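Good morning, and thank you for coming. I should like to take you through one structure, element by element. Please keep the sequence and the model in view as I speak.

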Amino acid sequence: MTDQPYICPECSRAFAWGRDDDSPIAVAACDETCAENAFWKLTGHMEAEHPQVGHLCPRRSDGAPASFAKRRDWWLKRQDEQRSCSYCGSMHPDDLFAAINAGAELVPTDKDYKLYVRNGDARQEEFYFQHFTAEQQLRFIDLYNKKRLKLAFPGHFYRLPFFAQAA
């Protein structure tokens, strides 16, 4: 848990941790155990005030519980201006490309659906390839083929991203 508030990506309303006037919003979205949870306050707010906003996280098909089946997801904006998916925590694809352009190191995994991004402060963030559009997949492959990705040890993917294939 973090003490940082959750900010609505649509109207910039902030939701703080702890029981307060926004607690009924969290209870309506989840249950009484969520009354102090800033994330659930924001979730309830998004469902009530911005029901048409958002996307369906492509990772939901990985066995999401029934309680999440009808929820929309959105891009949470952190204090460092990076965005992450409200469902899976993935970086936003545009933020991934910005990090690549800034020289961030990409850390391969043994999975064909994700990688880690290591910025200068040694913090690692996850990126799930399912968030790419078809055009972004092609852009990523082009950067890889042109050796414009800074890949951490061993310098190549253990497994290629699910949308790529060896030449």
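**Helices, sheet and loops**

I begin with helix H4, where Glu-135, Leu-138 and Asn-145 are exposed on one side. Please bear in mind that this is a predicted model. On the other side of H4 from these exposed residues, Gln-136, Gln-137, Phe-140 and Leu-143 are buried. Viewed down the helix axis, the buried residues of H4 lie within an arc of 125°, so they line one face of the helix. What do the buried residues of H4 pack against? Their partners are H3, E5 and E6.

As for its dimensions, H4 covers residues 134-145, which is 12 residues. From first C-alpha to last, H4 reaches 17 Å, close to the 16 Å expected at 1.5 Å a residue.

Just after H4 comes Lys-147, in the loop between H4 and E8. Lys-147 has a positive phi of about 55°, although it is not a glycine. With a relative accessibility of 73%, Lys-147 counts as exposed.

In what order do the four strands of the open sheet run? The order is E7-E6-E5-E8, and the pairing is mixed. At the edges are strand E7 (124-128) and strand E8 (150-151), each of which pairs on one side only. Strand E6, residues 114-118, pairs with E7 in the antiparallel sense, over five bridges. Within that pairing, Tyr-116 has Glu-126 of E7 as its bridge partner. Helix H3 (residues 93-101) lies across E5, E6 and E7, and runs at about 50° to E6.

Is His-92 buried or exposed? Its relative accessible area is 11%, so His-92 is buried. A polar atom of the His-92 side chain lies 3.0 Å from the backbone nitrogen of Asp-94. Leaving aside neighbours within four places in sequence, His-92 is in contact with Trp-75, Arg-83 and Phe-127.

Next, helix H2, residues 38-49. How many of its 12 residues are buried? Nine are, so H2 is largely enclosed by the rest of the structure. Among the buried residues are Phe-39, Trp-40, Leu-42 and Met-46, and also Lys-41 and His-45. The cover over these buried residues includes strands E1 and E2, helix H1 and strand E3. At the start of H2, a side-chain oxygen of Asn-37 comes to within 2.8 Å of the backbone nitrogen of Phe-39. The span of H2 can be checked as well: at 1.5 Å a residue it should be 16 Å, and the end C-alpha atoms are 16 Å apart, which agrees.

Between Phe-153 and Pro-154 the bond is cis, with omega near 10°. Pro-154 belongs to the segment after E8.

Methods. Residues are numbered from 1 along each chain as its sequence is written. This is a predicted model: local features need pLDDT of at least 70, side-chain atom pairs count only at pLDDT 80 or more; totals for chains, interfaces and linings use all residues. Side-chain values use heavy atoms; hydrogens and water are left out. Helices (H or I, at least four residues) and strands (E, at least two) are DSSP runs, numbered from the N terminus. The expected span of a helix is 1.5 Å times one less than its number of residues. Buried means under 20% relative accessible area, exposed over 50%, partly exposed in between (1.4 Å probe, protein chains only). Contact means heavy atoms within 4.5 Å. A polar contact is a pair of N or O atoms within 3.5 Å; within protein, one must be able to donate a hydrogen and the other to accept it, and residues adjacent in sequence count only if both atoms are side-chain atoms. Two strands pair if DSSP finds at least two bridges between them. Axes are lines fitted to C-alpha atoms, for helices over the stretch in contact, and angles run from 0 to 180 degrees between N-to-C directions. The arc is that of the directions from the helix axis to the C-beta atoms.
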